[in-house]
Structures are given as structure tokens and as C-alpha cells.
Amino acid sequence: MIRSNLLKYSLAATLPVTLMIVLTFVAPRAARADDGPRVIEITAKRFGFSPNQITLKKGETVKLRLTTEDVTHGFFMRALKIDEEIDPGKTTEITLTPQTAGTFLTICDHFCGANHGNMNMKIVVE
Amino acid sequence: MKDVDRRSFLKIAGTSLGIGVLYSAMPAAAASGEVGAMFDAWGKKNGERVTPFSFIQLSDAHVGFNGPPDPLGTKAFERAVEMVNRLPQRPDLVLFTGDLTHDSEDKDVHSRRMKQFLEISGRLNVPLVKCVPGEHDAGLDGGALYRDFLKETYYSFDHRGVHFVALDNVSRAKPEVGPEQLAWLKKDLARFPKSAPIVVFTHRPLFDLKPEWEWFTSDGDDVMNVLAPFENVTVLYGHIHRDDEHELGHVHHYAARSLIFAFPDPEKAAEKKPIAFDKDQPFKNLGIRVVHENVAGKPAVDTASIEDIELTAQEFSGINGIQQILRNPSL
Ligand SMILES: [Cu+2]
């Protein structure tokens, strides 16, 4: 039998990774990488993300720019404290500076249809 | 009155049939003086004295699902209904913890699936069937179709002195209950004494079981905080297509197996993929779980024991194996 408690869970969720995440919603525009953090474009479409894996460097600040080609999707990774919606016609930006190496399975957590349960991608931090 | 551990008063014994879970709510009311007096006191406060009864949890029938992990469609669901109907002791109640249907973007198709679910569950020979939606029932349309057929997605009712709370953590499309429902829950529970026996049933786990597999509810902690003052809380859920038991604080959380296909153990499996159907052993992933919680007569300790018994060939011959287990629940 597995025993635990809520406190343990919440600690487990916050301890491994400390990140700074800044979220803003802006109108779609071309990515500009020359005068700021590296920009990574991610497109959501039922039932996957493209690309389905990105690799970040520990300590490097990057900006994820998320858009959807069809319906609303979610973008969720508990340990990285990412919990966002990607709405049609909008761009969701996430600025993050991962401090812990690892592979973080990031899921769509906004129900989007039959194969929603397998809609995910990997964020690899080296 | 002597200070007895109140948690021992509601004994929820769950017997998993592999295709559902039979629970017996057996407050040790039959027992002696002090305990009986406590139940009388509860009865005055709660409006109804707790009397022993049993109920079933069924989950995740996914009516309309058609695919390799289960080419038999509604067969397991129909079999579960037959089994419940053949139980030697008729349960008072069947709780269905979501994903009654498999989603379809075609409203007519989804509607037909819901009707088929109601037709099959309508064969249950029990006085009361209560449901909550899963994301496959209510995730695409905010619960509109579900409400057309089954009215509210969250509600509560009392049965023989036990307060049942149905929570909806799917129809906002995200794994969450939401502020309105939390406010409702606080109000709903306000009239109860701390010792009131409460059974919460919902679709997704109310804690972080495996967030990367979407096995969580983002505001589950808020729900558990509202329930925290209550001493006799049991949470039943589905969604994960496998049996599971977690004790968090003094609350036990139980998941029922699904009626369609099983998911593997998240601690061992690399990815969330249904366990493959095996036509030679169609019930390979079915099993029996017996849970004894705070067995009456023993010292009141906050423990539960689980026994997992894999079904043998005997199980294929029908209800006999099940009845054996039920006849001797203290195996
Ligand atoms: Cu999605």
C-alpha cells in the first residue's frame, strides 16, 4: 500500500525545480530571437504538439510561444509550474529559466477529443 | 460519552470485483452501548441514524468506445450489471464515477451513446443509481449533453445517515472543480457535525496521483481542505482504469477499475498506454480487491488493508468465484 499525505505531494511538486515563469498574452507576430531570449515556437493541434520535444539548457532563459491550429488546448507540467491555455487566434508566451536537468512530460490538460489523453510533448533540460 | 476514535464508526469495506467495487457501509451500530449512543447522537444531528448498507462503484464504461484495447465494447459493462443483479444481497445504491460514454464530436452519436448507457444501467436491479460525469462525457460541451440526460453534474444526497457528495472535476474541460463548486461544497457541508460520515464520489483523483498522465485535479487540495474538518471521509473515483488506494491525512481515496480496458501501473510503465487486449485471457487484468477498513471489534487504528487477488479460471464460469469472496469478506 502506498501511503503519503498532501503535504508531501505539494513539497514534491515544488522542490525539484525552481523556475521563473513570466506569462503574457500578446497578438501573434513574428518570432524575434536576435535581441532577447531564445524563442521556441510550439504549435498545438489535435492530438499532438509540434515539435514534440525541445531541449533547453539549465539556467538558460527561453521564451515559448504557443499557438493552436484548431481548438483550445492546455499546456501543463506540474514540476515546471506550467499551467496554461492555448486559445485559437491567440499566442500564449511562457518565459522560463529551468534550473534542474531532466525530462519533463508536458501534457494538454484541456480536453480536446478522443485522443486527448495522449497529447503531450517532452521538455528536456540538459 | 467516552472518547472513542470516531473514524472507526464508518467501516467502508470495499470488495473489488474486477469490474467494479462493492462497498459496505457498516457503521458498527450493531455494536454496544457507547457506539450505539454515538450513532443515536449522529442521528439527531444528521437527521437520520446510520444503518448498515452496501453499495457498488462502477466506473469508466466508455459506451461507444471501439478499439484494439477492448474490441468487446459494452460486454464488460453488461456483465457487471448482471453480476450486481445476481449478488445475494441487493445493494442499495450504485455510484458511477464518470466516463459513462466515450466522446464523439457528432452530438447525435454522443446522444445515442448516452441513451445506450442509460439502457444498460437501467437494467440494474437497485433502488438508486447515481452518476458523475467524466471528461469523455462532459469535456467537449461543458456538460450540456450530460445535463440533458442526468441533470446536475454535482450535487449531494443523504442515504441512511451517510452524506454522499458528487463532485464534477471534468466539465470545465480542465482537471478542476472550480470556485463555484467549492463555494457550493462549503455550504453543502455546513450543516453537518464533524463526525458525519461523508462519501465523496468524483471522476478524477483529487490529489496528484500522476500529473503527467493527467491523473490529478488542479484544485483538489482546495476540495480536501474543505473536507479536512470532517473525520469520516471516503473518496471514490475512476478515470485511472485500475484499482488504487491512497491514504492522505485521515482520508482514504479509492479508485475502481474500468469496464473497458486497463491502464498499467504508473510507477512501472514508461508511458500511458492501455494494457493490450488478450483474447485468450479476456479478463487477465481483472482482479479482486478486498479492503478492510477499521474492522469493527479490533482496536481502532487508522489503517486499511488491501488484498489483491488475481482472478482464476473459476472466474470465467461466472459469479461463483465472486460469491465465494463475498461470503467470506474477511479472507
Ligand atoms: Cu489538446
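How much area do chain A and chain B bury between them? In this predicted model, where local features need pLDDT of at least 70, side-chain atom pairs count only at pLDDT 80 or more, and totals for chains, interfaces and linings use all residues, the figure comes to about 2400 Å², with 53% of it on carbon and sulfur atoms. Buried area here is the accessible area (1.4 Å probe) that two parts lose on being put together, summed over both. Residues are numbered from 1 along each chain as its sequence is written, chains are lettered from A, and side-chain values use heavy atoms, leaving out hydrogens and water.

Contact (heavy atoms within 4.5 Å) links 26 residues of chain A with 29 residues of chain B. There are 5 salt bridges between the two chains, a salt bridge being a side-chain nitrogen of Lys or Arg within 4 Å of a carboxyl oxygen of Asp or Glu. One pairs Lys174(B) with Asp109(A), whose closest N and O atoms sit 2.9 Å apart. On chain A, the side that touches chain B gets at least two residues from each of strand 1 (2–4), helix 1 (6–14), strand 7 (73–77), strand 8 (82–86) and strand 10 (102–107). Helices (H or I, at least four residues) and strands (E, at least two) are DSSP runs, numbered from the N terminus.

As for chain B itself, 9 helices and 13 strands turn up. Of its 331 residues, 60% are buried, meaning under 20% relative accessible area (1.4 Å probe, protein chains only). Among contacts in chain B with a separation of 6 or more, 70% come from residues 24 or more positions apart.

Terms used. Buried means under 20% relative accessible area, exposed over 50%, partly exposed in between (1.4 Å probe, protein chains only).
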